[in-house]
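Subject: Structure for your review

Dear colleague,

Please find below the structure that I am handing over to you. My notes on what was found in it follow directly after.

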Amino acid sequence: MAKREQQWSKLERCFDVLIIGGGINGAGIARDAARRGLSVALLEMQDFASGTSSRSSKLIHGGLRYLEQFELSLVFESVSERHILLHLAPHLVNPLEFLLPVYRGSKHGLLSISAGMWLYEGLSLFRTPALHRRLKTKELATQEPALRRTGLTGAQVYHDCATDDARLTLETLLDAVDQGAVALNWAKVIDLGHDDKGRVERATVQDQLSKRQAEVGARVVINAAGPWVDDVLALSPQAGPAKLLRCTKGVHFVTAWSAIPVHHALVASHPADGRVFFIIPWGEQSYVGTTDTDFEGDPAKVAADADDIAYLLAGVRHFLPELELRPEQISSTWAGLRPLIAPPMETSKQVKESDVSREHKIVIGQDGLLSVAGGKLTTYRRMAKEVVDKAVDLLRLSSHDVSELRDARTDQVPLPGGRFWPVDDVSGIAVVAHERAKGHLDERGALHLASVYGTMSNALAALIAETPELGQRLQDTRPELMVQVDWAVRRELATTLCDFMIRRSQLFFRAPDQGEACASLVAQRMASLLGWSRHREAAEIKHYLEELSRSRAWKKSLEA
């Protein structure tokens with residue numbers, strides 16, 4: 001607990017920038033601001049990336065469908081950022097082949113889609129892992145044998161990227177902390193204070209675990225709370241618009257790869273409404289998503305329901321009919337909210353959920369509260385730069401000296417696990433980790449550490465060499481290791497069992513039992529590291545099981 005106590009002890013001072021929200025936007029802002037030389041504090045009321053930033057489609061992509069909506073600037077920004085992220089985090093952002101099948105009667109034919117692909121690749125300045133190519137129906141029979149054949153005329157294959165969204169957020173934030181930022185999870189801002197001119201200048205924060213409170217001063221306060229942006233605005237009536245967002249829900253489900261054995265990420269239009277959804281191979285699993293429906297209510301309680309799963313199942317059964325996918329083959333689900341900018345009131349009802357713009361918006365209220373909402377995971381770094389530019393302008397207007405600030409270079413400096421990346425990619429890193437563990441780490445475990453932590457895997461392997469029992473697998477059928485629990489607590493600010501099971505690892509999403517069998521083992525190890533009482537340890541296990549139940553609640557209603 002020493003690190004958490006140290007972070008709390010640093011709060012009672014005045015920072016240049018205080019960020020509310022520890023998702024990808026907040027983390028990106030913290031990294032940019034800290035690298036410029038600003039003093040930074042970030043407060044997250046739950047865990048880092050616990051909202052949208054661990055529940056996305058886990059893609060870094062240009063948004064091919066935005067070409068159809070003529071949002072060329074958004075596509076250009078996205079494909080440019082995709083190229084940058086491939087170099088900043090090569091262990092977390094990986095090229096992925098996408099296959100777009102075309103059928104008789106499709107909205108667009110093969111030739112028009114090919115033209116769109118050339119435009120898509122042109123906007124990226126042709127900096128893609130490979131150019132698109134066409135597959136004939138005979139080739140599809142071999143490369144994607146489960147794909148529906150009736151009416152199939154061919155397909156186009158193109159490249160985008162996949163990522164681990166939670167870890168991308170976490171490494172972005174860890175880099176900010178390495179640069180001097182203070183970051184606390186489970187720290188909720190419950191009030192905003194103003195000076196005698198009505199400018200926001202401080203926040204009251206409450207530790208969600210101990211209920212203690214602290215006052216945090218700041219020259220600029222940034223609201224990057226994702227789906228909770230409007231809740232933060234409500235803390236400051238002088239901020240301006242009371243409602244910025246129109247949140248829509250996106251649901252995904254996971255199966256074993258053997259249940260959905262696809263070799264490409266399939267891009268398909270749902271037979272019910274024509275909305276694009278994905279069927280994506282994910283190592284030993286596959287996942288399907290996403291939905292896009294309006295959501296009102298507590299963002300913390302968003303979950304998949306029976307209608308969401310039925311909709312996605314219908315899409316899979318239509319395009320992969322021979323698989324006869326059944327609900328009982330679904331091993332896990334996740335649901336997240338897109339914090340989109342609400343269209344004007346007079347047109348809002350006419351705009352469908354999937355047509356709401358993914359552009360972001362930066363708003364500075366009358367009290368100086370700087371809020372950012374909307375946007376995409378892919379463009380988080382660029383959004384962060386824009387927000388910090390605005391923050392620096394506010395500091396300058398308040399006569400704060402910003403002359404010594406430096407260039408953040410967030411487009412050039414790799415994230416922690418991407419530093420000193422070798423030419424031979426992740427396999428070379430795995431070899432080094434295997435050797436560093438001195439015989440206490442097998443090849444599968446070394447490759448797993450390398451793919452999750454990049455070049456930082458050497459440090460985890462060294463811990464295993466010192467304490468061989470840290471090389472123990474958490475589950476026999478999964479590659480996760482006990483050393484990851486220690487690393488999460490000591491290096492990654494993991495504070496609860498859910499922090500580790502859902503966001504520091506992917507056991508919640510990828511283990512067939514969602515990690516239920518090893519939850520007690522992990523809790524026991526975290527208890528020894530964090531000094532939990534028996535009561536706290538039991539409460540952590542209970543809370544994790546409640547999270548599992550919430551993610552599985554759709555089953556009961558679907559069966560009914």
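In which sense do strand β13 and β14 pair, and over how many bridges? Strand β13 (residues 276-282) and β14 pair in the antiparallel sense over five bridges. Two strands count as paired if DSSP finds at least two bridges between them. Helices (H or I, at least four residues) and strands (E, at least two) are DSSP runs, numbered from the N terminus.

Before the details, two remarks on the basis of these notes. This is a predicted model, in which local features need pLDDT of at least 70 and side-chain atom pairs count only at pLDDT 80 or more, while totals for chains, interfaces and linings use all residues. Residues are numbered from 1 along each chain as its sequence is written, and side-chain values use heavy atoms, with hydrogens and water left out.

Strand β14 and its surroundings

β13 and β14 form a hairpin with two residues between them, and Gly283 in the turn has a positive phi of about 65°. Phe278 stands opposite Gly289 in β14. β14 also pairs with strand β11 (residues 245-256), again in the antiparallel sense and over five bridges; here Gln285 in β14 is the bridge partner of Ala256.

Five of the five residues of strand β14 (residues 285-289) are buried, so the strand is largely enclosed by the rest of the structure. Buried means under 20% relative accessible area, exposed means over 50%, and partly exposed lies in between (1.4 Å probe, protein chains only). In a regular strand the side chains alternate between the two faces of the sheet. In β14, Gln285, Tyr287 and Gly289 point one way, and Ser286 and Val288 point the other way. Thr290 has its place in the loop between β14 and β15 (293-294).

Pocket and cavities

On a 1 Å grid over the protein atoms alone, a cavity is a set of points where a 1.4 Å probe fits but cannot get out, and a pocket is an open set with protein on both sides within 12 Å along at least five of seven lines; lining residues have an atom within 4 Å of a point. Grid points are joined across faces, edges and corners, and a volume is the space filled by probe spheres set on the points.

The second largest pocket holds about 890 Å³ of space. Of the 33 residues that line it, the closest to its centre are Asn94, Trp282, Ser451, Gln506 and Arg510. The elements that each supply at least two residues of this lining include β13 and β14, and α12 gives the most, with four residues.

The count comes to three cavities of 30 Å³ or more. The largest cavity has about 80 Å³ of space, and its lining residues include Arg55, Trp334, Phe508 and Glu547. The elements that give two or more residues to this lining are β16 (330-341) and α18 (534-559).

Salt bridges

The structure holds 38 salt bridges, a salt bridge being a side-chain nitrogen of Lys or Arg within 4 Å of a carboxyl oxygen of Asp or Glu. In one of them, Arg503 meets Asp47, with the closest N and O atoms 2.6 Å apart. Arg503 lies in helix α15 (residues 497-504) and Asp47 in the loop between β2 (40-43) and β3 (59-60), so the pair ties together parts that are 456 residues apart in sequence. Arg503 is buried, at 7% relative accessibility, and Asp47 is buried as well, at 0%.

Arg491 and Asp178 form another salt bridge (3.1 Å, N to O). Arg491 belongs to helix α14 (residues 482-491) and Asp178 to helix α6 (residues 165-178), so this pair ties together parts that are 313 residues apart in sequence. Asp178 is partly exposed, at 40% relative accessibility.

Phi of Phe126 is near 60°, a positive value in a residue other than glycine. Phe126 is found in the loop between α4 and β5 and counts as partly exposed, at 47% relative accessibility.

Yours sincerely
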